[in-house]
Amino acid sequence: MPKIIVEVMPKEVLLDPAGKSVNNALHRKGHKDITAVRIGKRIELHFDREINDGDIANAKKIGEEFLSNALIEDVVNVHVEN
């Protein structure tokens, strides 16, 4: 079943407390080479038909207007996955 993946991440300029917490936990477990962790969202939009360019453009718009909070998040990637 084809699907469009919308990836949303916190804006670069904002703190990511969840990412910071995971980064600290990784350091405690000995993964000292990891310098930062950022945690975002992956949203899957499933289709029962072939996906076209209009669907991808619409998914980007949905991501920006509905699936993310524009004040604190960016839609960083929209792509098709089969």
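Mentor: Happy to! Let's begin with Gly 19, which in this predicted model has 0% relative accessibility and so counts as buried, the cut-off being under 20%. Gly 19 belongs to helix 1, which covers residues 17-28. Leaving out residues up to four places away in sequence, Gly 19 touches Val 37, Arg 38 and Ile 39.

Follow one of those contacts, Arg 38. With a relative accessible area of 36%, Arg 38 is partly exposed. Arg 38 also forms a salt bridge with Glu 12, where the closest N and O atoms are 3.4 Å apart. That pair links distant parts of the chain, 26 residues apart: Glu 12 is in the loop between strand 1 and helix 1, and Arg 38 is in the loop between helix 1 and strand 2. Glu 12 itself counts as exposed, at 63% relative accessibility.

Now look across to Glu 44, whose C-alpha atom is 22 Å from that of Gly 19, although the two are 25 residues apart along the chain. Glu 44 meets Lys 3 in a salt bridge of 3.6 Å, N to O. Lys 3 lies in strand 1 and Glu 44 in strand 2, so this pair ties together parts 41 residues apart in sequence. Lys 3 is buried, with a relative accessible area of 15%, while Glu 44 is partly exposed at 35%.

Those strands are also joined directly: six bridges connect strand 1 and strand 2, which run antiparallel.

Notes: Residues are numbered from 1 along each chain as its sequence is written. This is a predicted model: local features need pLDDT of at least 70, side-chain atom pairs count only at pLDDT 80 or more; totals for chains, interfaces and linings use all residues. Side-chain values use heavy atoms; hydrogens and water are left out. Helices (H or I, at least four residues) and strands (E, at least two) are DSSP runs, numbered from the N terminus. Buried means under 20% relative accessible area, exposed over 50%, partly exposed in between (1.4 Å probe, protein chains only). Contact means heavy atoms within 4.5 Å. Two strands pair if DSSP finds at least two bridges between them. A salt bridge is a side-chain nitrogen of Lys or Arg within 4 Å of a carboxyl oxygen of Asp or Glu.
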